[in-house]
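Q: Could you walk me through this one, a bit at a time? I'd like the conventions spelled out as we go.

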Amino acid sequence: MKLYKSMSKIGLAASLVAGLSSSAFAAETIKVGVLHSLSGTMAISETTLKDTILMLVEDQNAKGGVLGKQLEAVVVDPASNWPLFAEKARGLIEKDKVDVIFGSWTSVSRKSVLPVIEELDSVFFYPVQYEGEESSKNVFYTGAAPNQQAIPAVDYLMNDIGVERWVLAGTDYVYPRTTNKILKAYLKSKGVADSDIMINYTPFGHSDWQTIVSDIKTFGSEGKSTAVVSTINGDANIPFYKELGNQGVSASDIPVIAFSVGEEELSGLDTGPLVGHLAAWNYFMSVDAEENDEFINKWTSFIGDEDRVTNDPMEAHYIGFNMWVKAAEKAGTTDSAAIQDAIIGVTTPNLSGGVSAMMPNHHITKPVLIGEIQSDGQFDIVWSTSGLVAGDAWSDFLPGSKDLISDWRYPLNCGNYNVKTAKCSGQNY
Amino acid sequence: MLIIISGLHFPLQASANLETFEDTLNQLSAKKLPIKLKIIEQIIKSKNPRTEFILSSILDGRVFYIKGKNSVLFANKENNKYITKSLLNDEPLGIFTKRQLKKVSINNKIRKKIKQALAVLYLRHTDESVRLKAVKDTYNSINKSIIDEIELLIKTEKSEDIIDAMHIAINIYLLEDSSSINRIKAIENLEGSLDTKVKILLTKLKDTDIDKNVRIAAEQALLSIKSRTEIFNKLEVVFFGVSFGSVLILAAIGLAITFGVMGVINMAHGELIMLGAYTTYVVQLVMPSYIELSVLVAIPMAFIVSGSVGILIQRGVIRHLHGRPLETLLATFGVSLVLQQAVRTVFTPLNRAVQTPDWMSGALEINGILSLTWNRLYIIMFCLIVFAALVLVLKKTSLGLQVRAVSQDRNMARAMGVRSNWVDAMTFGLGSGVAGIAGVALSQLTNVGPNLGQSYIIDSFMVVVFGGVGNIWGTLISGFSLGIINKFLEPWAGAVLAKVLILVFIILFIQKRPRGLFPQKGRSAGG
């Protein structure tokens with residue numbers, strides 16, 4: 001009995017101390033929410049991004065934090081479950097009182113978070129290339145819009161390689177479908193005939209590519225130079241490339257340019273048969289720039305693995321995080337309305353040796369790079385745009401979005417302003 | 001006197017050449033790709049005896065330069081160290097680390113150039129298959145000098161296949177002849193060929209040739225080629241179907257035992273497949289220098305690993321839920337999540353790279369249209385072997401006899417002295433072990449990651465239910481037929497719709513025949 005009493009006393013004291021210290025601690029920190037899946041299907045890609053933010057937070061704290069306060073990362077796991085993203089985001093903002101959230105990978109998870117972020121008027125950074133057709137007051141898109149990845153890639157194939165026939169292959173969901181719609185309209189505007197475009201969709205995680213590869217082979221043997229533009233989602237790419245290799249389709253016959261295959265995806269693969277196939281991104285680990293070397297060194301020592309790779313969405317987080325820090329310092333507060341105002345026009349160095357800026361449409365400027373897969377799982381950059389490309393929220397090649405622009409500065413303050421009817425259509429995204 | 005002078009002169013010139021050649025090589029450390037392309041062209045023209053070695057090394061990514069200096073050398077990676085030697089004379093140049101060297105990188109344009117140059121060099125290779133490939137590679141870049149070389153070599157060539165390929169090359173060259181009679185003749189000669197390149201050239205000719213007669217001849221040749229390719233295309237689809245079917249059977253056959261024979265709905269079946277795939281990965285980690293054998297070693301290992309995990313699941317969970325199918329379903333679903341997350345913790349959520357042994361990569365080329373990929377061929381054979389072995393176990397061993405006895409009438413079997421608990425555990429272990437073996441095969445086809453199992457569990461249940469629960473012959477027939485139906489639907493319905501159609505078909509079929517293709521007969525069939 002005595003023992004029990006003294007035990008409970010100690011327990012009480014301990015909990016008091018803990019409570020005190022945590023509340024004292026909380027007053028001095030700025031909370032940064034991390035909303036990336038750590039389990040389920042998307043864990044493969046998103047875990048890395050969580051670690052990236054943790055590294056950036058640690059680094060910023062070593063530099064003295066933001067506005068004299070230390071940063072504290074709050075990590076939650078939405079478990080690749082789309083509705084759970086909205087729930088966890090609400091928890092982060094209402095319960096944990098975070099000032100900013102970095103998160104999401106798939107478009108559907110972003111769409112699920114969007115109403116919550118807008119309702120609670122927070123700030124959200126989205127780091128992955130996506131299909132565009134969206135511009136929210138509260139979301140900052142640091143990944144590529146279609147005009148920062150898909151269109152320049154097609155230009156490269158058309159002008160530098162002389163491709164005349166196109167296979168648009170994708171996984172069956174919103175990003176490939178919208179991107180392919182934009183690409184088809186773009187190709188037709190360049191005079192490509194309907195019969196020279198083949199569009200093909202496959203389910204998530206498709207693993208039996210025999211028929212499709214054989215179709216591509218037939219399509220490519222009609223006398224015109226052919227290329228595959230692939231919006232196939234991460235995982236399904238590996239059996240796809242394996243089948244290409246086995247059926248003897250080499251990059252010099254029919255090159256495949258991918259928008260979702262990066263260093264990380266290739267690290268699970270024997271890249272021998274893929275050598276020469278292409279990918280379009282805004283960043284490659286092999287970029288020759290001082291910032292990049294520094295970033296890679298930090299990353300490998302943070303993660304404790306010499307062989308860990310870096311990739312494009314990591315760079316997007318790097319840019320987004322630094323922009324947020326700069327905006328907070330400019331505004332003198334991390335209050336979300338102030339950040340939303342201050343961040344437009346903020347510039348920070350990107351990892352390819354240039355300087356990226358936040359545009360009024362909440363997208364950023366980036367270079368577009370084309371890389372060829374090498375036998376060591378890295379990309380060699382074979383082409384890049386001469387300058388930076390500003391992200392376009394509303395594609396110029398889709399009938400519904402041609403006339404829309406987005407400008408979140410006063411006086412327009414609208415994410416989808418129609419220049420013909422001079423009206424902001426009223427919806428928020 | 002003159003002879004002596006010229007004799008003296010030659011070695012001097014040769015050494016001068018050698019020096020400049022080394023300088024040329026060192027310029028490969030340039031960053032700009034157009035410069036590299038020029039250097040490669042110079043190397044090809046140089047006719048240096050080392051050209052073949054240098055070009056193939058660049059193609060393999062084995063040529064590096066030392067950072068900060070521009071001396072180019074050959075490097076071979078061994079245990080994270082780079083052992084280097086001279087490109088010119090194999091003289092060892094020391095050991096370097098990754099950070100000291102930079103690879104001479106190339107792009108597709110340069111790669112193409114090198115491949116064409118190597119094709120010409122390999123025309124005289126001693127290995128027959130290399131020679132054949134070289135002749136076929138020249139189709140893309142045929143010119144007068146290559147044709148001269150081929151016409152010279154065709155006289156001494158022994159292999160029929162190579163002679164045929166050489167004739168095609170000569171006729172391809174003739175397609176661009178200035179006389180339209182020669183062009184028509186070449187078209188007629190090429191009619192029998194099913195090579196893709198020939199088809200491409202004829203299509204071009206059909207559309208663009210200035211002479212109308214040539215255009216007509218090309219069109220006719222294309223028509224006759226097309227009629228012959230159709231039959232091969234059909235054969236190809238059947239092959240795709242059979243190979244897809246064998247994958248389905250491999251994934252489902254373990255389930256046919258646990259679900260079909262024992263009546264246990266095991267949602268963790270997919271994860272047992274996944275464990276088998278990870279076993280292959282671990283085996284390759286343990287024996288990195290025997291990749292060729294690793295898959296064979298992995299088969300028994302995967303059987304043991306998945307089998308013992310299966311027995312653990314049976315003893316720990318399923319045994320206690322006997323006769324309660326809904327609870328078994330939920331509990332095993334929980335087990336599947338635990339296994340997935342365990343793999344994520346141990347191996348990270350990233351996919352693991354399982355290497356394909358050389359004997360399983362590439363394709364068996366029947367002709368220009370029909371080529372069967374080796375990995376699929378091996379998996380079809382493997383599937384049939386596993387199936388045969390399983391039938392033998394069930395029909396000819398005492399374990400098989402007891403399994404059948406317990407599945408037909410548990411109480412009677414127990415009355416006859418069969419330890420039904422032990423038989424349950426062994427049956428479940430056998431089914432799980434076979435799932436592990438399927439994992440080894442799948443590791444060669446798809447991603448080895450924590451989600452591997454999920455993507456096969458639905459398909460597996462589909463195959464077992466369609467084939468008839470409790471009948472492993474039904475599983476075999478149903479796997480092959482679903483595979484072939486799927487592959488015939490796919491070209492016109494697309495991969496997504498084909499899957500949907502198959503599901504609808506099975507639902508309708510089950511309405512008509514609830515017990516599947518081959519319903520089980522006997523006392524237990526009613527209950």
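This is a predicted model: local features need pLDDT of at least 70, side-chain atom pairs count only at pLDDT 80 or more; totals for chains, interfaces and linings use all residues.

Q: OK, where does A:Asp121 lie?
A: A:Asp121 is in the loop between helix H4 (107-119) and strand S4 (124-126) of chain A, and its phi is near 45°, a positive value in a residue other than glycine. With 27% relative accessibility, A:Asp121 counts as partly exposed, where buried means under 20% relative accessible area, exposed over 50% and partly exposed in between (1.4 Å probe, protein chains only).

Q: And what about phi of A:Ala79?
A: That phi is positive too, near 55°, and again the residue is not glycine. A:Ala79 belongs to the loop between strand S2 (70-76) and helix H3 (82-95) of chain A, and at 28% relative accessibility it counts as partly exposed.

Q: Which peptide bond is cis?
A: The bond from A:Tyr410 to A:Pro411 is cis, with omega near 5°, and A:Pro411 sits in the loop between strand S17 (404-407) and strand S18 (414-418) of chain A.

Q: Switching to helices, how many residues has H10 of chain A?
A: Helix H10 (residues 290-303) of chain A has 14 residues and reaches 20 Å from its first C-alpha to its last, close to the 20 Å expected at 1.5 Å a residue; that expected span is 1.5 Å times one less than the number of residues.

Q: Which of the residues in H10(A) are buried?
A: The buried ones are A:Asn292, A:Phe295, A:Ile296, A:Trp299 and A:Thr300. Seen down the axis of H10(A), they fall within an arc of 125°, so they line one face of the helix, the arc being that of the directions from the helix axis to the C-beta atoms. On the other side of H10(A), A:Glu290 and A:Ser301 are exposed.

Q: What do those buried residues pack against?
A: They pack against helix H2 (43-62) and helix H11 (312-331) of chain A, with contact meaning heavy atoms within 4.5 Å. After H10(A) comes A:Gly304, whose phi is positive, near 70°.

Q: Over to chain B: is B:Val434 buried or exposed?
A: B:Val434 is buried, with a relative accessible area of 3%, and lies in helix H17 (residues 420-443) of chain B. Leaving aside neighbours within four places in sequence, B:Val434 is in contact with B:Ile253, B:Gly254, B:Phe303, B:Val386 and B:Leu390. B:Val434 and B:Val391 are 43 residues apart in sequence and 12 Å apart in space, C-alpha to C-alpha.

Q: And how is chain B divided?
A: Chain B has domain 1 (14-109), domain 2 (143-210) and domain 3 (236-358 + 372-456), with bounds that come from an automatic or database domain assignment. The C-alpha centres of domain 1 of chain B and domain 2 of chain B lie 36 Å apart.

How values were computed
Residues are numbered from 1 along each chain as its sequence is written. Chains are lettered from A and ligands numbered from 1 in the order in which they are written. Side-chain values use heavy atoms; hydrogens and water are left out. Helices (H or I, at least four residues) and strands (E, at least two) are DSSP runs, numbered from the N terminus.
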